[in-house]
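This report looks at one residue and its surroundings, and then at the disulfides of the chain. Please keep the structure in view while reading.

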Amino acid sequence: MRSKSQSPINVKLILTGIFLVFLLFLVLRSTYSPSPDQQTQSLDHSSVVSKSSSEVQETDEDHQSSSSSSSSSSSVACPSHTCNKISPSLANALVHYATSNVTPQQTLKEISVSLRVLEKKSPCNFLVFGLGHDSLMWTALNHGGRTVFLEEDKSWIEQIQSQLPNLESYHVIYDTRITQADELMEIGMSNEDCKKVTDPRFSKCQLALKGLPQQVLEIDWDLIMVDAPTGWHVGAPGRMSAIYTAGLIARNKLDGETDVFVHDVDRIVEDQFSKAFLCEGYLVEQEGRIRHFNIPSHRARLGRPFCP
């Protein structure tokens, strides 16, 4: 045990230590504690930060609300279940050709000639002489426009309509035979009535088709495809009148130009009649068995020669 003579010294040391600790506490407090001004600034800063955070949150909420409203209005204008759908004509074409063993009569390169024009002009008015395995394709490529088919075989129209009821087709009667081609060429080239631009119904030219449906003659056509009637055997009507009438319809258009396509130009009739009555001066291109002519309106500028 400790001696009594050391006790006063120990007490003094303890008291001195306590004083030093207290003094150190005061120094540290004065050094690190913020002044009243600093506390006020800190409170003001906290208030600003709190207010800014609140404003940012409100802005975010407003933005989300605006986005939600915009998204809502967008969905009203263009519902996703509608905008994401392909066109009915394209859907029908995909199903038809995917489940059929038949293919269009024209080659890919030949189809591409008409496709390039359709890409620029569709939706438009597209008249096709002939109803065949490629008809649904033409309708799909002209989605939103009007595509009309003219067919010589009434039973074939009924058969196609039973399978593809949405196609618009009309029966046309041809009173020519392919054996008359030379005679009709001579008439067309020598008779002045065949050079006059008018409605086919009122034309005095023997080549003009006068029995076309009224629905066909009252429309200004942007594209005309001649791929009918039959022209590969002796008893067939041939395409003499179809080619001449296509050119007449194009020239009689109120304004603008008409793109006319003739298929099977590897055959004599299609070759000679397209050059004579659609005119080599209007020829744009030939790819394989198809020719593309671009014929301007003759009504818009009177006095144009029949061929340039």
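Thr-198 has a relative accessible area of 24%, so it is partly exposed. Buried means under 20% relative accessible area, exposed means over 50%, and partly exposed lies in between, with a 1.4 Å probe and protein chains only. The model is a predicted one, in which local features need pLDDT of at least 70 and side-chain atom pairs count only at pLDDT 80 or more, while totals for chains, interfaces and linings use all residues. Residues are numbered from 1 along each chain as its sequence is written, and side-chain values use heavy atoms, with hydrogens and water left out.

Thr-198 sits in the loop that runs between α8 (181-190) and α9 (214-217). Helices (H or I, at least four residues) and strands (E, at least two) are DSSP runs, numbered from the N terminus. What does Thr-198 touch, once its neighbours within four places in sequence are left aside? Its contacts are Ser-203, Leu-248 and Asn-252, where contact means heavy atoms within 4.5 Å. Asn-252 is 54 residues away from Thr-198 along the chain, yet their C-alpha atoms are separated by 5.8 Å.

The next topic is the disulfides. A disulfide is a covalent bond between the sulfur atoms of two cysteines. Here the rule is a pair of cysteine sulfur atoms within 2.5 Å, and by this rule the count is two.

| Disulfide | S to S distance |
|---|---|
| Cys-194 and Cys-205 | 2.0 Å |
| Cys-279 and Cys-307 | 1.8 Å |

The link of Cys-194 and Cys-205 is right-handed, with 85 degrees about the S-S bond. Both cysteines lie in the loop between α8 and α9, so the pair ties together parts that are 11 residues apart in sequence. Cys-194 and Cys-205 are both buried.

For Cys-279 and Cys-307, the torsion about the S-S bond is about -70 degrees, so this disulfide is left-handed. The pair links distant parts of the chain, 28 residues apart: Cys-279 is in helix α11 (residues 268-279) and Cys-307 is in the segment after β7 (290-296).

Some totals describe the chain as a whole. The protein chain has 11 helices and seven strands. Of its 308 residues, 37% are buried. Among contacts with a separation of 6 or more, 66% are between residues 24 or more positions apart.
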